[in-house]
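Subject: Structure for you to look through

Hello,

Please find the structure below, followed by notes on what was found in it. Please keep the model open while you read.

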Amino acid sequence: MASEAAAQTPAQGRVKETNENQCNMCMPIGGVVAFKGIENAMVLIHGSQGCSTYMRLFNVEHFNEPVDIASSSLNEKQTIHGGEANLKKAMDNVIRVYQPKVLGILTTCLAETMGEDIDRIVASYIEEKKISGIDIVPVPTPSYSGTHAEGYWAAVRGIVAYYARPAQSHRRINVIVPNISPADLREIKRILGLMGLEYTLLPDISMTLDRPWGGKYQKIPPGGTPTAAIAEMTGAPVTIQFGSTCPDSLSPGKYLEDEYHVPLVNLPLPIGLGNMDLFMKTLHKISGNPVPDELVTERGWLMDAMADAHKYDADGVPAVYGEPELVYALTSTLAENGAMPAVIATGSKNSLLAERLIPLTEGADEPPVLIEEADFASIEDAAIRAGVNIAIGHSGGKMLSERHDIPLLRIGYPIHDRMGGQRILSAGYRGTLAFLDTFTNTLLNHKYATYRQKIKREFCTPEGM
Amino acid sequence: MDGIESTLEELYTQYPETVKKNRKKHLIVKSVAEESCPQIEANTRTIPGIISQRGCAYAGCKGVVVGPIKDMLTITHGPVGCGYYSWGARRNKARADATTPKDKIYGQMCFTTDMQEPDIVFGGEKKLAKMIDEVVAAFHPRAINICATCPIGLIGDDLNAVAKAAQERHGIQVLAYNCEGYKGVSQSAGHHIANNNIMQNIVGTGTGKKPGRHVINILGEYNIGGDGWEQERILNDCGYTVNCVLTGDSSYLDIKNLHLADLNLVMCHRSINYIAEMMNTKYGIPWLKINFIGVEATNQSLRQMAKCFNDPELEKRTEEVIARETARIEPVLEQYRKICRGRKAFAFVGGSRSHHYQHLLKDLGMEVVVAGYEFAHRDDYEGRQVIPTIKSDADSKNIPELHLKPDEKLYKENHEYLNMTKEQFEALKKEVPLDYYEGMYPDMKTGDIMIDDCNHYELEELVNKLKPDIVFTGVRDKYIAEKMGVPAKQMHSYDYAGPYAGYDGAINFARDVAHALSTPAWKLIVPPWERKEEPEEKSQDGVTNA
C-alpha cells in the first residue's frame with residue numbers, strides 16, 4: 001500500500017481494489033477550472049447532465065462564485081446512436097445565450113466509452129454552421145484516465161496546442177500555473193510586476209473565479225488569459241511552469257519547448273522559502289533586475305517568523321495530501337521548518353513526485369510514507385501509525401479530524417466545507433508566512449486545547465486528582 | 001397580467017425558436033380564469049447546452065434514495081468522480097440506535113471501484129467482486145448496494161450477476177442498481193430505479209412489528225439536517241410509533257419491516273410515491289401525503305393523520321401537542337415575522353420542496369411568486385389525477401414499471417389497517433385525501449409563475465425583472481442571485497443548518513431567513529463616496545445608513 005522510506009523505494013498505489021473515501025476527483029472537473037481561466041470562455045461537458053451538475057456543485061462550493069458549466073445532456077438514446085446531435089445542439093444554445101469567444105469542450109467517461117470523436121464533431125459543426133469569431137477547443141478528459149490534477153494539465157496543454165502558432169519573438173515570459181487559488185495567482189502577478197517583467201499567465205482564474213461585488217452581473221466574468229496572448233506564447237523568451245511533477249505528456253511548457261523551442265524552466269510552486277527563492281533567482285536571472293526592497297523585506301519577515309516559530313513547528317508531525325504539485329511544495333515548506341511530513345499522499349499515480357521528493361526526504365530521521373493513488377482509508381491508516389498530529393490538504397480529509405482528532409489545515413482544492421477556498425493565500429513570501437502562521441497556530445490551538453488532559457493523564461494519580 | 005406576459009416574452013427572446021417553443025411549455029402563469037391547472041411540460045428531456053439544475057439517475061438513486069440507508073454499505077461502480085461528488089453532499093443525518101450500533105453506520109464514508117482504463121476496456125466485474133469481498137471482510141455490513149455509473153451499461157458489466165454471486169458467497173443481501181447517469185431525463189429516473197429494487201427485494205422480508213397502537217412510516221423523508229428527527233419527536237409525542245423513516249436515518253432492518261405499519265406518510269411525493277403506491281397494491285396499506293414543513297402545514301397534517309385512525313384519544317392528544325407546540329413557538333416566530341412579512345420569494349428546489357416551503361413562508365408572512373421543480377413530473381404540479389393522461393416516452397419506458405399483485409398472505413384491506421369499517425373508511429376518504437397528492441398549483445396565487453426545470457439564464461432574467469427579496473434554490477445558482485444583490489438560501493443542504501421541519505424547524509428556518517434578509521451587507525453595497533447626498537445619519541452601530 002505505502003512504501004516506508006520514500007527516499008529508497010518508489011511509492012506504490014493502494015493494493016486494495018476498494019477506494020474508500022476518495023482523495024481525488026475526476027479529470028473533467030480539473031479541465032473546467034483550466035477553461036475558466038481563459039478570457040471570455042465558456043465550458044461544455046459532453047456527457048450525461050449529472051456530470052456538469054456535480055462539477056458545478058463542487059466548484060461553486062469551493063469558489064463561492066457562480067460557475068456555469070453546460071452539458072450535452074446525453075440520454076439513453078444517444079448511448080446507442082451517438083451524441084453528435086446533442087453536442088451540436090448544446091453548442092448552439094451555449095453560443096446563443098453566453099456569446100463566448102472561447103468554448104471548451106471536455107469529455108466524460110460516458111462520451112469516451114461511447115467512442116465519441118469530439119474533434120470530428122466540432123470540425124463538422126464549425127463547417128455546417130459557418131462558425132467564426134468563436135474558438136471551439138475540444139479536450140478529451142476521460143474520467144478513468146486520471147484525477148482532476150491530470151485533467152487540469154490536459155486542458156491547459158490542449159488550450160496551448162490549440163492556439164499556439166509561430167509568432168515574432170517578444171519580451172513577455174510565459175508563466176504556466178497548476179490549479180492554485182485566485183489569491184495565489186494575484187500574489188504571483190504582483191511579484192512578476194515588482195520584478196518588472198511582462199508576462200502571459202496561463203490560465204488566470206484570479207478574477208473569473210473570485211469576482212468582486214459590483215457592476216452588472218455578467219454571465220461570463222471578466223478576466224482570464226486573453227487568447228491572443230496564448231497564441232503568442234510561442235514567441236516568449238522562456239516558460240516558467242510550476243509543474244515540477246507534471247508528466248511531459250501533459251505538460252504545456254514541454255509542448256512549447258518541443259514544438260516552438262521556448263526554453264522551459266519547471267519550478268516547484270513558490271510556496272516555502274526555498275521554492276520562493278528559486279522563483280526569485282529565476283526571475284532575477286531572466287529580467288536582469290535586482291530583487292526589489294519590498295520583496296527583500298517580505299523575505300526578511302518570513303525568515304524572522306521561521307526563526308520565531310521553529311520551537312513549535314518542530315513538534316509538528318504532518319500528513320500532507322492532495323494534487324502532486326501542491327503536495328511537493330508543502331512538503332518542502334514543512335521540511336524547511338523542521339516539520340518533515342510523516343505521510344505524503346496523492347490521489348494521482350505520479351512517479352515524478354516520488355523522484356522529486358528524494359532530495360527533500362533523504363536523511364530524514366523518520367523517512368516519510370509516500371502513498372500514490374491514495375484514498376483516505378490508506379492515509380488515515382498511515383497517519384495513525386506514524387503518530388501524525390496535523391493534516392494538511394483539501395476538505396476530503398475532514399474525517400481525520402472528526403474521527404481521530406487530528407486538526408486539519410485546509411488548503412488546496414476542493415474546500416467545500418469552509419468559506420473562502422478561493423482566498424487561501426500560500427504563494428510568495430507573504431503567502432508562505434500566512435501558511436506558516438496558520439500551521440503553527442493550528443498546532444498551538446490543539447496543544448492548548450488538550451494539554452490539561454494530557455498532564456492530568458501523565459502526572460495525576462486518581463487519588464491526587 | 002399583461003405585465004407578466006410581456007416580461008416572459010422578453011425572457012425568451014434570447015433563445016433560438018425551437019428552444020423558445022420548448023421552454024414556453026414548461027412555464028405557467030396562474031390565471032384566475034382557470035380553476036384546474038393547465039398542462040405543464042415536465043419530466044421531459046433537458047435541452048442540451050441549457051444550464052439546468054438537474055442531476056442524473058445515479059444522483060437520484062445513490063445520492064437521494066439508497067445512500068442514506070445507514071447500515072447498507074453502498075458501492076459506486078465506476079470511475080472516481082461520481083463517488084466523490086455524491087459523498088456526504090446531502091447531509092443525511094444518521095445515528096446509532098438499539099438495533100444499529102455505530103460501527104454499522106456507513107453514511108459518512110464513500111466507496112468506489114475507481115475504475116481505470118483497463119477496467120473500461122476489459123470489464124470491471126472482477127474488480128467489483130473483489131471489492132465486495134474486501135468490504136465484507138473489513139466492515140461486515142448487513143447488506144450492500146451497488147450503484148452503476150454511466151460507463152457500466154456500455155461496457156456490459158453484469159451487476160446483477162456479480163451481486164447474486166456475492167450474495168451467495170457472503171450470505172448477505174447484495175443489491176445492484178442499474179442507475180447509469182444517462183437513464184431517464186433527471187434524478188427522477190434514479191428514484192424510480194431505487195424504489196423498485198427496495199420494494200422488490202427488501203420490503204416484506206422482515207417479521208418484527210414494532211409495538212404500538214398506531215404504527216406509521218414516513219416515506220420520502222431524508223433527514224437532512226435532522227428534519228426526520230424533529231418529525232419523529234412530534235409524532236412520538238402524539239402517540240404514534242414510527243416504524244421507519246425512508247430513507248433518512250433508516251436501517252436495512254427497518255426497511256425489511258416496512259410493510260408492518262398501518263399507514264404510510266408521504267413527505268417527498270416525487271421520489272417515493274412509487275413505493276407508497278406499490279405497498280398499497282401489495283399489502284393494502286393506505287398512504288397519506290403530508291407536509292411537515294410549516295406550522296400550519298404540520299398542524300393540518302397531524303389532524304388529518306389523527307382522523308385516519310378513528311381514535312378519539314389520538315385526536316385529543318394531537319390537539320394537545322398542536323396547542324402546546326404552537327403556543328411555544330408563536331412568540332418566537334412573531335419576532336421574525338417583523339423582518340419577513342411582505343417579502344417576495346422564488347423557490348426552485350427538488351420535486352416537492354418548492355411546494356412544501358410555500359407553507360412555511362406563508363407562516364412567516366412571505367409569498368412565493370415564482371416556484372418550480374428541477375425534476376418533478378406533471379402530477380407534482382397539477383395533481384395525481386393527471387397521471388393516466390401522462391404520455392410515456394422513450395425515456396420513461398426505459399425504467400421498468402413493476403406490476404405487483406396483492407400478497408397472498410399479508411394483504412389486508414385499507415380499512416383493516418386503520419381499524420375501521422369499510423363504510424367508515426369511505427367516509428374518511430371524503431374528508432382526508434388518502435392516496436392522493438394535489439400538486440403545487442392549488443397553493444399558488446393568481447399571477448404567480450410555475451416554471452419547470454428553470455435554468456441559470458431564466459433565473460437571472462426572472463430575478464432581474466421581478467426583483468424578489470430572497471431566492472430559495474440550490475448552491476449552484478445561489479451565488480448568481482447574490483451577485484445580483486438578492487440573498488439566496490441553499491435549500492438542498494440548508495447551508496449547513498436545519499432542521500427546518502416541524503415546530504423547532506420553523507424557528508430555525510425563520511431565523512435563517514431573517515438573517516439573510518437583514519444582513520447589513522445588503523445595505524453597504526454602495527460606497528459612501530457614491531451615495532447620494534443626504535443628511536448625515538448615524539445608526540446605533542456607527543454605520544452610516546445608505
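Strand 5 (residues 135-139) of chain A is mostly covered, since five of its five residues are buried. Here a residue is buried if 20 or more other C-beta atoms lie within 10 Å of its own, exposed if 12 or fewer, and partly exposed in between, with C-beta atoms placed from the backbone. Helices (H or I, at least four residues) and strands (E, at least two) are DSSP runs, numbered from the N terminus.

This is a predicted model, in which local features need pLDDT of at least 70 and side-chain atom pairs count only at pLDDT 80 or more, while totals for chains, interfaces and linings use all residues. Residues are numbered from 1 along each chain as its sequence is written, and chains are lettered from A and ligands numbered from 1 in the order in which they are written.

Back to the strand. In a regular strand the side chains alternate between the two faces of the sheet. Both faces of strand 5 of chain A are covered: D135(A), V137(A) and V139(A) are buried on one side, and I136(A) and P138(A) on the other. Strand 4 (residues 102-107) of chain A runs parallel to strand 5 of chain A, and five bridges join them. Two strands pair if DSSP finds at least two bridges between them. G104(A) has V137(A) in strand 5 of chain A as its bridge partner.

Next, a helix pair in chain A. Helix 8 (residues 182-194) of chain A packs against helix 17 (residues 428-459) of chain A at an angle of about 145 degrees, with the axes 8 Å apart. Axes are lines fitted to C-alpha atoms, for helices over the stretch in contact, and angles run from 0 to 180 degrees between N-to-C directions. From helix 8 of chain A, D184(A), E187(A), I188(A) and I191(A) meet G428(A), R430(A) and G431(A) in helix 17 of chain A. Two residues are in contact if their C-beta atoms, placed from the backbone, lie within 7 Å. The residues of this contact divide into two nonpolar, two polar and three charged. Ala, Val, Leu, Ile, Met, Phe, Trp, Tyr, Cys and Pro count as nonpolar, Asp, Glu, Lys and Arg as charged, and the others, Gly among them, as polar.

As a whole, chain A has 17 helices and 14 strands. Its radius of gyration is 23 Å, close to the 23 Å that the globule rule gives for 465 residues, so chain A is as compact as a globular protein of that length. The radius is taken over C-alpha atoms, and the rule is 2.2 Å times the number of residues to the power 0.38. Buried residues make up 60% of the 465 residues in chain A.

Chain B has 22 helices and 14 strands. Buried residues make up 54% of its 546 residues. In helix 12 (residues 269-283) of chain B, 12 of the 15 residues are buried, so this helix is largely enclosed by the rest of the structure. Just after helix 12 of chain B, G284(B) takes a positive phi of about 85 degrees.

Where do the chains meet? In total, 63 residues of chain B are in contact with 56 residues of chain A. The side of chain B that touches chain A divides into 35 nonpolar, 15 polar and 13 charged residues. Strand 1 (residues 19-20) of chain A and strand 3 (residues 111-112) of chain B run antiparallel and are joined by two bridges. In strand 3 of chain B, F111(B) is the bridge partner of E20(A).

Regards
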